[in-house]
Amino acid sequence: MSAVDKYNVESAEILANSALHLPITQAAPIYEQLLSIFPTAAKYWRQYVEAQMVVNNDDATKQIFSRCLLNCLHVPLWRCYIRFIRKANDKKGVEGQEETRKAFDFMLSYVGADIASGPVWMEYIAFLKSLPATNTQEESQRMTAVRKAYQKAIVTPTHHIEQLWRDYENFENSVSRQLAKGLLSEYQPKYTSARAVYRELKKYVDEIDWNMLAVPPTDSCKMQWVAWKRLLAFEKGNPQRIDSASNKRIIFSYEQCLMYLYHYPDIWYDYATWHAKSGSMDAAVKVFQRALKALPDSEMLKYAYAELEESRGAIPSAKKLYESILGDAAQTTALAHIQFIRFLRRNEGVEAARKYFLDARKSPSCTYHVYVAYALMAFCLDKDPKVAHNVFEAGMKHFMHEPLYILEYADFLSCLNDDRNIRALFERALSSLPQEESIEIWKRFTQFERTYGDLATMLKVEQRRKEALSGTSEEGDSALETSLQDLISRYSFKDLWPCSSKDLDHLSRQEWLAKNIGKKVEKSALSDGSAATDKSSSAATGISAASLKVLRPDTSQMVIYDPKQHQGTAVPANTTASNLSNPVASVVGAVSNPLLNPSVSMLDSGSANTFDEVLKATPPALIAFLTSLPAVEGPTPNVDIVLSICLQSDLPTGQTKKSTNLTSQRTTGPAPSTSDLSGSSKSHPIPRRQLGKRKDLDRQEEEESTTVQSQPLPRDAFRIRQMQKARGGSASQTGSVSYGSALSGDLSGSTC
């Protein structure tokens with residue numbers, strides 16, 4: 001199995017299944033290979049040891065059990081162990097029985113808390129009952145041992161807890177009914193509590209995949225990680241935790257969890273810190289040692305282990321851990337140098353830290369971060385600004401090309417109130433850095449002058465910045481223009497602004513649009529009289545002059561949807577380029593003025609009628625908005641561009657235009673069909689069934705008028721009279737009533 005796919009679960013299962021059909025001499029290398037990759041796979045250990053037991057290889061069996069039992073708290077594996085022990089001691093008499101009893105106790109001390117350990121308790125109790133008793137004393141001892149086993153079993157949340165309770169009742173009643181009454185009443189509440197815990201515990205246990213192999217973290221294992229975290233949280237809050245002995249359940253849960261999440265550093269860390277918080281520092285150290293054996297490349301766990309050792313005063317052990325990180329070429333990074341310098345400064349003093357810094361700066365892995373960290377440590381902890389300044393200056397010889405190092409140096413000089421050297425630093429950096437890498441330096445320079453410089457210097461630096469960055473993608477061609485954004489930047493402070501949030505948002509959108517509109521719409525330009533903006537075809541008559549600045553969509557890239565093309569029918573050959581140039585505008589023109597396209601061509605009568613209804617229901621405001629949309633590079637337009645168009649467009653209101661358009665449609669002819677979108681100029685006779693559309697339109701307008709007029713009237717009597725007068729006067733002249741003004745613009749409608 002290659003190193004690339006050594007954690008391939010499917011390959012592992014194939015190997016394990018193949019080993020079942022091989023002699024043990026051939027199967028053993030396969031099992032060893034599998035268990036070197038999955039050392040906590042209890043099912044492979046069990047399969048391996050059972051193969052040895054079949055051939056009565058007792059020495060190999062014992063060796064395998066010694067390697068796996070303590071790290072694999074799996075009930076089937078442990079039952080395999082107790083079966084081996086009973087078989088080995090079956091013919092040894094009293095001595096063998098004592099060895100078997102000790103093996104049972106040993107097993108229950110590790111897996112007795114498992115929710116599946118009910119059969120183990122039953123087997124143990126049955127074994128105790130089977131022990132011979134030659135006298136009254138031995139009989140009493142046997143009964144006492146059985147009673148203690150039952151009393152432990154009935155307070156353990158297992159799948160067989162109810163059966164164990166019934167067996168215990170029968171046992172006590174068979175011994176002494178009078179004594180049973182007192183004992184059962186004493187343990188009844190404990191049993192009830194354990195049964196309630198079992199019912200809650202089962203909900204979490206059922207989410208666990210007990211056949212999962214321990215593999216490095218992947219998305220497919222995320223739900224198992226969540227399930228184990230929930231189970232651990234439940235155990236920590238277990239209502240049965242009434243004494244320190246109850247911590248065994250938490251330890252057991254962590255140990256079982258690590259069988260499956262063996263490669264998860266957070267589980268190891270949580271387990272060790274739980275021990276430390278519980279006061280078991282030695283246990284925490286052992287967990288960290290096991291963790292580093294499981295994950296030897298985990299730098300996080302090494303730092304956590306070193307922190308634990310340092311916190312309890314074991315400085316030499318902590319130092320060895322830091323040195324092990326530095327001794328690993330893969331982990332010897334700038335961060336490792338920085339953390340070791342800090343460790344030495346904390347525990348061995350300034351001189352030890354300085355000595356190591358002098359050595360670390362010669363390392364190939366030393367970056368500007370090491371210089372910054374040591375300089376700030378000398379400044380803040382050692383109170384030595386001169387040493388810090390010298391370190392920064394030494395770093396300038398190597399990291400002049402690093403903008404972030406320049407900014408860190410500038411921050412340090414700001415703490416010294418050294419404005420002269422700050423300006424000199426910016427000038428040195430800007431003279432050596434390439435244009436593209438100097439953007440952040442210019443920003444910090446201008447910010448510094450806006451905060452601490454005079455007005456003339458402030459404006460001068462801003463102008464220099466514009467000139468220097470005029471050719472970069474950051475600023476673009478508009479860099480030399482003076483914008484209101486510059487003024488806002490000069491007169492703002494932290495989260496205080498000289499304008500409202502609405503103004504700030506508008507300016508931000510304007511600035512973004514100015515920088516990006518050219519990228520998104522390369523071929524778009526202002527329309528100068530094309531069909532898209534023809535006076536007769538424009539339905540957006542209420543658009544203001546400001547909206548004309550919006551770039552029009554590149555309609556040459558648009559493809560018309562034709563359902564029949566999917567059925568094998570091609571687009572008509574007489575499709576003209578003029579109609580394809582702006583199909584949206586053609587639809588708009590047809591809706592607003594059907595006389596421009598008096599001939600109606602229908603691809604399909606059913607689909608045409610459906611689309612005609614859609615056109616009728618489309619408000620002019622929406623159609624006008626659609627014509628303003630830019631060309632897109634994908635299935636959806638850029639949201640920011642669309643929002644900018646919405647902010648800049650003065651779209652007409654739906655109610656007032658709706659009345660005009662509907663009247664125009666009624667007097668000039670039927671609405672255009674889908675043939676307008678296909679670009680066909682061929683004339684077809686209008687089907688007879690479409691002659692009834694005028695009545696449908698009249699009925700629709702009456703329903704809309706009724707809907708508007710059916711709204712509740714204002715309670716103000718004066719307004720009611722004004723509304724009635726307006727309705728009566730205008731209706732007698734034109735047949736159209738508009739009483740929106742009488743209701744302060746809240747209501748408007750039309751009647752025929």
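Trainee: Leaving aside neighbours within four places in sequence, which residues is Tyr168 in contact with?

Mentor: Tyr168 is in contact (heavy atoms within 4.5 Å) with Arg147, Tyr150, Gln151, Ile154, Leu183, Leu184 and Tyr187, once neighbours within four places in sequence are left aside. This is a predicted model, in which local features need pLDDT of at least 70 and side-chain atom pairs count only at pLDDT 80 or more, while totals for chains, interfaces and linings use all residues. Residues are numbered from 1 along each chain as its sequence is written, and side-chain values use heavy atoms, with hydrogens and water left out.

Trainee: Which residues touch the most other members of the largest nonpolar core?

Mentor: Tyr44, Phe65, Tyr168 and Trp268 do, out of 159 residues in that core, where a nonpolar core is a set of buried Ala, Val, Leu, Ile, Met, Phe, Trp, Tyr and Cys residues joined through side-chain atoms within 4.5 Å, and buried means under 20% relative accessible area with a 1.4 Å probe, protein chains only.

Trainee: And which helix gives the most to this core?

Mentor: Helix H10, residues 177-205, gives the most, with ten residues; helices here are DSSP runs of H or I with at least four residues, numbered from the N terminus.

Trainee: New topic: at what angle do H11 and H12 pack?

Mentor: H11 (residues 222-236) and H12 (residues 247-260) pack at about 170 degrees with their axes 9 Å apart, the axes being lines fitted to C-alpha atoms over the stretch in contact and the angles running from 0 to 180 degrees between N-to-C directions. H11 is therefore roughly antiparallel to H12, a label for angles over 145 degrees.

Note on methods. Helices (H or I, at least four residues) and strands (E, at least two) are DSSP runs, numbered from the N terminus. Angles under 35 degrees count as roughly parallel, over 145 as roughly antiparallel, 65 to 115 as roughly perpendicular and the rest as oblique. Buried means under 20% relative accessible area, exposed over 50%, partly exposed in between (1.4 Å probe, protein chains only).
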